[in-house]
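Please keep the structure in view while reading.

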Amino acid sequence: MAEKYFVVALDTGNGEMKIVSDAVDRMRVGGVLGRYKAPQGKTKLQNEWDLTLYEVENDQQQWVIGYQDVDRVKASPVLVAGREGLVRYSQPMFSNYAKIGLAKAIGSKRPARVLVVTSTPARDSLDSKIVETLDKVFRDVHKMKINDERVIINVTNYETMSETEASLYDVYLNDQGFVADASVENQDVIVINAGYGTTDVSRYNRLEYIPLAKETIKVSYLDVIERLKDWLTEQIRKEITIQEVTRQLDEQIDSRTKKFVFVGDEIAGFYDIYEKTVKAVYDDLFTELQLLIPDPDLYHRVRVVGGAAVENIWGQYFKNWSKRVEIPADPQFSSARGMYRYGKYLANELTEQTAATEE
């Protein structure tokens, strides 16, 4: 009988982790960890916390993940972010973050063989040291403890790719790993991934990767967060962290307007500054994009994805740029969906190979 592979796609982006798997349709988790310490006592009216606690490998430290749980346990947030790829992927916190993501991806399932697909910014995907580092993080038998249950996750197959390539597969393949839009095979496509830490730009002509002069632009949504942090710190006269700004904006991702609350008080003028900052950073980004893509109308598609591609951030500006621009539904999940679909394609291939060998 052919082997069955449980497919997991982990988009371990700077701002948050996106998960798509055979058990999870889609999940967003804030890119932050917290060390859990059991409370010394509680009031008679305090409710029990409904928390998921993780232990990674043989370390007895319990972790929570995501802004909500980190806030609930009053832990110091450990932001698993950074623009320097190899440094980020080599740190123990990233390994913990990735393995906890794996645990979330399998949920209550206990598969025998797990196939994992991840992605990195365009420039990182071409760095052999980064690829090797990520392979060491993921391809392994991972021993976890989720609350009181011991769990073993056997990652037998692992692949990584650029986030832009993953987003190409999002349109080319379907959720079963088969071709969904064959027109891509004959098209010249630009993919722009407007992420939290970087903005990636890649070209694919007839599915062939065509290198551009520059593919990772350091102007990103993180610049919006940093400028807002500086403005808030000046207004409040208290140091505001990037984590806090990220958390509050993340909770309002679908809201047309934005607010920032400090100790119960809404900060006046925040939305006006937010709008101006979003536009100013986009203008900086657009200046660099025009150098790479002087005429977007020369391409069949300019596919814009990533968290900052939603309509109420930069989506509106990208659409005004060219009629070739297309932004998929839930653009922040495009890379994760594409990785999952590519993972299903690989699983189909592996299953067929195993079946043929058994015959």
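## Helix packing: α9 and α10

The model considered here is a predicted one. In it, the axes of helix α9 (residues 270–292) and helix α10 (residues 311–321) come within 10 Å and cross at roughly 45 degrees. The helices α9 and α10 are therefore oblique to each other.

The crossing of these two helices, α9 and α10, is right-handed. On the side of α9, the contact is formed by Tyr274, Val278, Lys279, Val281, Tyr282, Leu285, Phe286 and Leu289. On the side of α10, Asn312, Ile313, Trp314, Tyr317, Phe318 and Trp321 take part. Sorted by class, the residues of the contact of α9 with α10 comprise 12 nonpolar, 1 polar and 1 charged.

## Helix packing: α7 and α9

Helix α9 also packs with helix α7 (residues 221–236), at an angle of about 140 degrees and with the axes 9 Å apart. The pair α7 and α9 is therefore oblique as well. Here too the crossing is right-handed, with α7 passing α9.

Which residues make this contact? From α7 come Tyr221, Asp223, Val224, Arg227, Leu228, Trp231 and Leu232. From α9 come Phe270, Ile273, Tyr274, Thr277, Val278, Ala280, Val281 and Asp284. The residues of the contact of α7 with α9 divide by class into 11 nonpolar, 1 polar and 3 charged. Tyr274, Val278 and Val281 of α9 belong to the contact with α10, and these residues belong to the contact with α7 also.

## The largest pocket

The largest pocket holds about 300 Å³ of space. Its lining consists of 15 residues, and those nearest the centre are Arg28, Gly30, Gly66, Tyr67 and Gln68. Three elements, β3 (27–30), α1 (67–72) and α8 (242–251), each contribute at least two residues to the lining of the largest pocket. How is this lining divided by class? The lining of the largest pocket has 8 charged, 4 nonpolar and 3 polar residues.

## The second largest pocket

The volume of the second largest pocket is about 250 Å³. It is lined by 18 residues, and Ser162, Glu165, Tyr169, Tyr204 and Tyr209 are the closest to its centre. Two or more lining residues come from each of α4 (122–125), β10 (149–162), α6 (163–172) and β12 (199–205). Of the elements, α6 gives the most to the lining of the second largest pocket, namely 5 residues.

By class, the lining of the second largest pocket contains 10 nonpolar, 5 polar and 3 charged residues.

## Cavities

How many cavities of 30 Å³ or more does a search of the whole structure find? The search finds 2. The largest cavity has a volume of about 520 Å³. It is lined by 40 residues, with Gly15, Lys18, Gly195, Tyr196 and Gly307 lying nearest its centre.

Helix α8 gives the most to the lining of the largest cavity, with 3 residues. The lining of the largest cavity has 19 polar, 13 nonpolar and 8 charged residues.

Key
Residues numbered from 1 in each chain as written. Predicted model: local features only at pLDDT ≥ 70, side-chain atom pairs only at ≥ 80, totals over all residues. Heavy atoms only, no water. 1 Å grid on protein atoms, 1.4 Å probe; cavity = no way out; pocket = protein on both sides within 12 Å on 5 of 7 lines; lining within 4 Å. Points joined across faces, edges and corners; volume = space filled by probe spheres on them. Helix = DSSP H or I, 4+ residues; strand = E, 2+ residues; numbered from the N terminus. Nonpolar A, V, L, I, M, F, W, Y, C, P; charged D, E, K, R; others polar. Axes fitted to C-alpha atoms, helices over the stretch in contact; angles between N-to-C directions. Parallel < 35°, antiparallel > 145°, perpendicular 65-115°, else oblique. Left-handed = near helix turned anticlockwise from the far one by under 90°. Contact = heavy atoms within 4.5 Å.
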